[in-house]
Amino acid sequence: MQLLGQLAVPPLFLMKYGVLGYSEWLVLTAAIGFLSVLNFGLHTYVINELNVSYHQNDLKKFHELQTTCLILLTGIAVLFTVIAGVVFVLPLKIMLNLSASEINISVTIYFLILQLLVLNVLGLINGGYRATGKAFRGVMWSNVQKLIMVLSLIAGVLLAFPFYILAIFQFAAVILSLIIVSYDRKLNFTNVSISFKYWNSAIAKNIIKPSLYFSLFTINNFLLYQAPVLILNYFVEPKLVVMFSVGRMIFSFIRQGLGLIYGAIEPEITRLKGIGDWLQLKRLYKYTESLTISIALPANVAVLMLSPLLLRLWLKNADYYNKWSYLFLMLISVAMCLKENKIYFQYATNTHERTGSVMFFSYLIMILLSIYSIKAYGINGFLFSWLITEIFQLCVILVFNTVLFNRAKDISFSPIVILGGILGGFVLVFINYYPWFYIGGDSLLIIKTIAMVPILLLTAYFFLGLKQVLMETRKRF
């Protein structure tokens, strides 16, 4: 459903509101991204603990954890619904460098904030499905929620409503989703139904500190996804803001696809850690690493090669393509695919504290330096600093994972080094023989891309562990 929204919304926005309108919507949605931190990492940490409690058949602790966290998140939502009223007295038009009217901006941001607050509560309720071994049902309701939000946004865009109406539509869609999921939990999961009689103040104190480390990941998402849009809005023209967002979105499709795999194995990671089966957990780690590399390498290269064609078909405009920008985005996407794979083993085992801190400080430094790099080198200056940051984080997280697995010798840098060599060779060819990729028209470009993908898959088969993954899969079937 998220993919549907990403494919449908940009061309419709550009058609109805133009480049300036779409860039300003991107800025408005980015401006409230930081407030996602208001869940304080509670539901991420608590859902992992709920998973462990459920599989240990400790339903008393399950109910106390669930209720205590729900009351905390509800209280936060009520409090900040009032505090968010400050947006009506702030000079947001000047602060965000926008052309829309002040009242339009204020009301839009207020309802976008309310949407985030309700999503925090919905995230915990929906997460209960994963904790009880019914992750598929949670995914189903999550997709329903995203579909309702996408359809409401598309309807508003097609009618060219003001931004604040679009934000109200989004808020109403989240409220509807909250009602549906709460009713389903009450109707079909009576043994772990939601009840406010299990409040436990001692648990409330105990979950705050470890949860706060998860909130660092929320801040990291703001620094990574929203802050660059806000900074670029000040230093480059709206068309470049759109180009950056669209290019980043195209490569994000690959990570979303891999995210489906990670989401499927996350409950299993938590379960294996809960029962202390470190041997199976280590095997799962190695197999998912090989699978991630085997998918990320050919998929990102294919997207890089096909991007001009995709932009012409999707947005009817290939001017949003830039060779260097998309090359950086491809390399960043590969690094992020690997990093996200490795982070899941820390998310799901609640061993995330050091990773959250390292990512926060490295992203903060990246954002501070980006003010200079964007001024000096434009978007590509920022993308280069982003790439260096992702590579640094990937290496640090790999070190943390070797510690997680008690410094197992077969958890190593070797796959990353081999992948780096392959990507380095491709980059040299791409830079020096760039015209070759696009000479001959779209049909020949597609043929060249199709020919390159199996070559990269064979490389992954022989050098990056794909062979072992396929053998294990065949054995299990």
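Is Glu390 buried or exposed? I looked it up first: Glu390 counts as buried, at 0% relative accessibility.

**Ground rules**

I'm working on a predicted model, where local features need pLDDT of at least 70 and side-chain atom pairs count only at pLDDT 80 or more, while totals for chains, interfaces and linings use all residues. Residues are numbered from 1 along each chain as its sequence is written, and side-chain values use heavy atoms, with hydrogens and water left out.

**Entry: salt bridges**

Side chains of opposite charge can pair when their charged atoms come close. I counted a salt bridge when a side-chain nitrogen of Lys or Arg is within 4 Å of a carboxyl oxygen of Asp or Glu. How many does the structure hold? It holds five salt bridges, and I noted some of them.

Back to Glu390: its side chain meets that of Lys339 in a salt bridge, at 2.8 Å from N to O. Glu390 is in helix α12 (residues 353-404) and Lys339 in helix α11, so this pair links distant parts of the chain, 51 residues apart. I checked Lys339 too, and it is buried, with a relative accessible area of 2%. A note on helix names: helices (H or I, at least four residues) and strands (E, at least two) are DSSP runs, numbered from the N terminus.

Next I looked at Arg255, which forms a salt bridge with Glu340, with 3.3 Å between the closest N and O atoms. Here Arg255 sits in helix α9 and Glu340 in helix α11 (residues 323-347), 85 residues apart. Arg255 counts as buried, at 11% relative accessibility.

Then I found Asp442 and Arg312, whose side chains meet in a salt bridge at 2.3 Å, N to O. Asp442 belongs to helix α15 (residues 441-463) and Arg312 to helix α10, 130 residues apart. Asp442 is partly exposed, at 33% relative accessible area, and Arg312 is partly exposed as well, at 35%.

**Entry: α9 against α10**

Two packed helices are described by the angle between their axes and the distance between the axes. My axes are lines fitted to C-alpha atoms, for helices over the stretch in contact, and angles run from 0 to 180 degrees between N-to-C directions. For helix α9 (residues 238-275) and helix α10 (residues 278-314), the axes come within 8 Å and cross at roughly 165°. That makes α9 roughly antiparallel to α10 (over 145 degrees; under 35 is roughly parallel, 65 to 115 roughly perpendicular, and the rest oblique). Which residue classes make up the contact of α9 with α10? It has 23 nonpolar, five polar and two charged residues. Ala, Val, Leu, Ile, Met, Phe, Trp, Tyr, Cys and Pro count as nonpolar, Asp, Glu, Lys and Arg as charged, and the others, Gly among them, as polar.

**Entry: α7**

I listed the buried residues of α7, and among them are Phe163, Leu166, Gln170, Asp184 and Arg185.

**Entry: two pairs across the chain**

Val334 lies in helix α11 and counts as buried, at 2% relative accessibility. Its C-alpha is separated by 8.0 Å from that of Ile293, though they are 41 residues apart along the chain.

Leu72 has its place in helix α3 (residues 59-83), and I have Leu72 down as partly exposed, with a relative accessible area of 22%. Leu72 and Trp199 are 9.8 Å apart in space, C-alpha to C-alpha, and 127 residues apart in sequence.

Notes:
Buried < 20%, exposed > 50% of the residue type's maximum accessible area, 1.4 Å probe, protein only.
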